[in-house]
Amino acid sequence: MSVRIITQRSRRGNTIIVQVEGWLDAGGAEELEGVVASLTGLVSVQLSGLKSADEAGLSSLRDLRGRGVALAGVSPYLRLLLGRRPRARQREETDV
């Protein structure tokens, strides 16, 4: 299973819930970003059905979180992965 993305309104109707299930890869991340961008109002991304994500998927989730989109149902494992930042290439220091 790759990724499944479902949108629905909350019970009170004031929030749109975007449910993400499966494995979030680059293609799924692009789809998720498009879905979220097309919505207006309060958006919450429900991740309780997300099994894992590659670096592109994690980057997308970090970007959404940085733009103020609420991430709900985040497992401890996924929380750990989201906390990581890609390692920057270490530059070799030379004496000048």
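Among contacts in the protein chain between residues at least 6 apart in sequence, what percentage join residues at least 24 apart? The share is 59%, where contact means heavy atoms within 4.5 Å.

## Basis of the model

This is a predicted model, in which local features need pLDDT of at least 70 and side-chain atom pairs count only at pLDDT 80 or more, while totals for chains, interfaces and linings use all residues. Residues are numbered from 1 along each chain as its sequence is written, and side-chain values use heavy atoms, with hydrogens and water left out.

## Overall organisation

The protein chain contains 3 helices and 4 strands. Helices (H or I, at least four residues) and strands (E, at least two) are DSSP runs, numbered from the N terminus. Along the sequence, these elements follow the pattern β-β-α-β-α-β-α.

Of the 96 residues of the protein chain, 34% count as buried. Buried denotes under 20% relative accessible area, exposed over 50%, and partly exposed in between, with a 1.4 Å probe and protein chains only.

## The sheet

An open sheet is formed by 4 strands in the order S1-S2-S3-S4, with mixed pairing. S1 and strand S4 (70-72) stand at the edges with a single partner strand each, so one side of each is left without a neighbour in the sheet. From one strand to the next, the twist averages 25°. Two strands are taken to pair if DSSP finds at least two bridges between them. Strands of a sheet pair through backbone hydrogen bonds, either parallel or antiparallel.

S1 and S2 pair in the antiparallel sense over 7 bridges. Within S2, Val-20 is the bridge partner of Ile-5, and Val-18 is the bridge partner of Thr-7. The two strands form a hairpin with 5 residues between them, and Gly-13 in the turn has a positive phi of about 80°. S2 and S3 run parallel and are joined by 9 bridges; in S3, the bridge partner of Val-18 is Val-45. Because 7 of the 10 residues of S2 are buried, this strand is largely enclosed by the rest of the structure.

## The nonpolar core

A nonpolar core is a set of buried Ala, Val, Leu, Ile, Met, Phe, Trp, Tyr and Cys residues joined through side-chain atoms within 4.5 Å. The largest such core has 20 residues, and those with the most contacts inside it are Val-18, Val-20, Leu-32, Val-36 and Leu-47. Two or more residues are given to this core by each of strand S1 (3-9), strand S2 (15-24), helix H1 (26-37), strand S3 (42-53), helix H2 (55-66) and helix H3 (76-83). The largest share, 5 residues, comes from S3.

Leaving aside neighbours within four places in sequence, Val-20 is in contact with Val-3, Arg-4, Leu-32, Val-45, Gln-46, Leu-47, Gly-49 and Leu-50.

## Packing of H2 and H3

Two packed helices are described by the angle between their axes and the distance between the axes. The axes of H2 and H3 come within 9 Å and cross at roughly 80°, which means that H2 is roughly perpendicular to H3. Axes are lines fitted to C-alpha atoms, for helices over the stretch in contact, and angles run from 0 to 180 degrees between N-to-C directions. Angles under 35 degrees count as roughly parallel, over 145 as roughly antiparallel, 65 to 115 as roughly perpendicular and the rest as oblique.

H2 contributes Leu-58, Leu-61, Arg-62 and Arg-65 to the contact, and H3 contributes Leu-78, Leu-81 and Leu-82.

## Two serine positions

Ser-44 lies in strand S3 and is buried, with a relative accessible area of 14%. Not counting residues up to four places away in sequence, Ser-44 touches Thr-15, Ile-16, Ile-17, Val-18, Ala-70 and Ala-72.

Ser-59 lies in helix H2 and is partly exposed, with a relative accessible area of 38%. Ser-59 and Ala-26 are 33 residues apart in sequence and 9.4 Å apart in space, C-alpha to C-alpha.
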